[in-house]
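Let's take a friendly walk through a protein model, one neighbourhood at a time. Keep the picture open beside the text as you read.

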Amino acid sequence: MQKRVYTGHLDPGAADYVYLPVDVPAGTTRLAVRYSYDRPPLAAGTVGNACDAGIFDQRGLDTGFRGWSGGARDRFELSAADATPGYLPGPVEPGRWHVVLGPYTVAPGGLDYTVEVTFDDAPVVGEPAVHHPPASTGRGPGWYRGDCHLHTVYSDGGRTPAQVAAAARARGLDFINSSEHNTPASHRIWGEHAGDDLLILTGEEITTRNGHCLAIGLPPGSWIDWRYRAADGVFADHAARVRELGGLVVPAHPYGQCVACSWKFGYEQADAVEVWNGPWSIGNEAALATWDGTLVAGRFLPAMGNSDAHRDGDVVGLPQTVVHAEALSATGIKAGLAAGRSYLADDAAVTVSLAATADGRTAGIGERLAVAPDAPVTVRLAVTGVPAGTVRLVTDRGLVHAAPLPGPVEWRTTARYTSYVRAEVRHADADAALPYGSMAALTNPIFLDG
């Protein structure tokens, strides 16, 4: 067993990622890394030190990804038989590896770090278990409930995959998506927890220094790079890679309040957007307003809702996206999400039906109804599972109709007056921070083409 120690200092304004070259000797079977950094006391309001970590192997900094844990743990190890959650098991080949430090924030006096790397040549027995989830459940067309933004111990979450799957079932979900920060390490585990009653997609939360983005429904084992900012001009290439692999590009919590959490890349490359993240908040209200602006501008970017649940106390499926799909399969769910045939709800007991009818023809959520500009259109909304509150119909002109629950609601318009209509269902808990009340349900729009 050999050990090497690396020390250094990073000043404020350091590069987003610092690469420490580590020459792995031949015969190494297990590699272990432990790192630490100083956390000096600071005046209130002053940013302190926080540093992420990961590793790339001898294949290089473009293709040699072997794991990432961000700031969730201060040590990790890997071998051909096993690896710390967040890291990929596999042979420890000799050559130049790189430990990656990601100074998330740096105190005014800088950040002093120590990295210890241990090389072990003891025999390693066994192979890593690989249980990728199946791509289909065999269930046909229907409305299916899911949560596509979840974390486990494979990144910075506190739950195991088994606990997340159990929580999803308890909340009445039909599908979930694995979205660990910057790593596909959990993909090989999820098959143990899937079933005919729970489809599990594999993906990633691409966690950059200018915002986070969900890559939903990637092939198991796929990894998307995150080491760039908006000014680098490379996000379009990485978004294209997600789509090339069959995934969806979905900016997450666009107005997130943590450092580097708010979305700065624009929406040109997005397939949908996470309008509702976790319990309803002023940040979600801002995301809703921004999303509605894209509809007014003529682009349909479907809305999604996800819990972003990390640990006990975070409710899986709050909110959830309810999507109409041709099958409870990876292909079916992604197609339904991309088409916007969906609404968002805070509980499995909540159902919403929104339809527009003209000349004997009807369009539902996410669909288009072609009508003459002045032909009368009847919009009908029905809600169950929300005992008190307000329903609101919103168009490109703004709020056009509000009524107390229970409904149903019926409203008449024309395509000349209304280019789209969508519905909000609000709880009866309005206050100064949330004057319209917290959200119970939110639909994607129906478009009227006059």
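We begin with cysteine 51, which is buried at a relative accessible area of 2%; here buried means under 20% relative accessible area, exposed means over 50%, and partly exposed is in between, with a 1.4 Å probe and protein chains only. What you see is a predicted model, in which local features need pLDDT of at least 70, side-chain atom pairs count only at pLDDT 80 or more, and totals for chains, interfaces and linings use all residues. Residues are numbered from 1 along each chain as its sequence is written, and side-chain values use heavy atoms, with hydrogens and water left out.

Cysteine 51 takes part in no disulfide, a disulfide being a pair of cysteine sulfur atoms within 2.5 Å. The nearest cysteine sulfur to that of cysteine 51 belongs to cysteine 261 and is 17 Å away. Cysteine 148 is in no disulfide either, and the nearest cysteine sulfur, that of cysteine 213, lies 13 Å from it.

How many disulfides does a search of the whole structure find? The search finds 1. It joins cysteine 258 to cysteine 261, with an S to S distance of 1.5 Å. The torsion about this S-S bond is about -85°, so the disulfide is left-handed.

| Residue | Relative accessible area | Class |
|---|---|---|
| Cysteine 51 | 2% | buried |
| Cysteine 148 | 1% | buried |
| Cysteine 258 | 42% | partly exposed |
| Cysteine 261 | 2% | buried |

## Two helices

Now for the helices. Helices (H or I, at least four residues) and strands (E, at least two) are DSSP runs, numbered from the N terminus.

Helix α1 covers residues 161–170, and its buried residues are Pro161, Val164, Ala165, Ala167 and Ala168. These cover an arc of only 160° around the axis, which puts them on the same side of α1; the arc is that of the directions from the helix axis to the C-beta atoms. What covers them includes β9 (142–150) and β10 (175–178). After α1 comes glycine 172, with a positive phi near 80°.

Helix α2 spans residues 235–244, and Phe235, His238, Ala239 and Val242 are its buried residues. Why do we say that they line one face of the helix? Seen down the axis of α2, they fall within an arc of 100°, so one face holds them. Here is a handy rule: an α-helix has 3.6 residues a turn, so residues three or four places apart point the same way. On the other side of α2, Asp237 and Glu244 are exposed. The buried residues of α2 pack against β11 (199–208), β12 (211–218) and β13 (248–251), where contact means heavy atoms within 4.5 Å. Glycine 246 follows α2, and its phi is positive, near 95°.

## Two loop residues

Which loop holds arginine 227? It is the loop between β12 and α2. Arginine 227 is buried, at a relative accessible area of 16%. Its side chain makes polar contacts with the side chains of tyrosine 19, at 3.1 Å, and aspartate 225, at 2.8 Å. A polar contact is a pair of N or O atoms within 3.5 Å; within protein, one must be able to donate a hydrogen and the other to accept it, and residues adjacent in sequence count only if both atoms are side-chain atoms. Leaving aside neighbours within four places in sequence, arginine 227 is in contact with Tyr17, Tyr19, Phe56, Leu61 and Asp62.

Aspartate 74 sits in the loop between β5 (65–70) and β6 (75–79). With 37% relative accessibility, aspartate 74 is partly exposed. The side chain of aspartate 74 makes a polar contact with the side chain of arginine 75, at 3.0 Å. Not counting residues up to four places away in sequence, aspartate 74 touches Val33, Arg34 and Tyr35.

## An open sheet

Finally, look for the sheet. In it, 4 strands form an open sheet in the order β1-β8-β3-β6, with antiparallel pairing. Two strands pair if DSSP finds at least two bridges between them. The edge strands, β1 (2–10) and β6, each pair on one side only. Between β1 and β8 (residues 111–120), which run antiparallel, there are 9 bridges. Valine 5 stands opposite glutamate 116 in β8.
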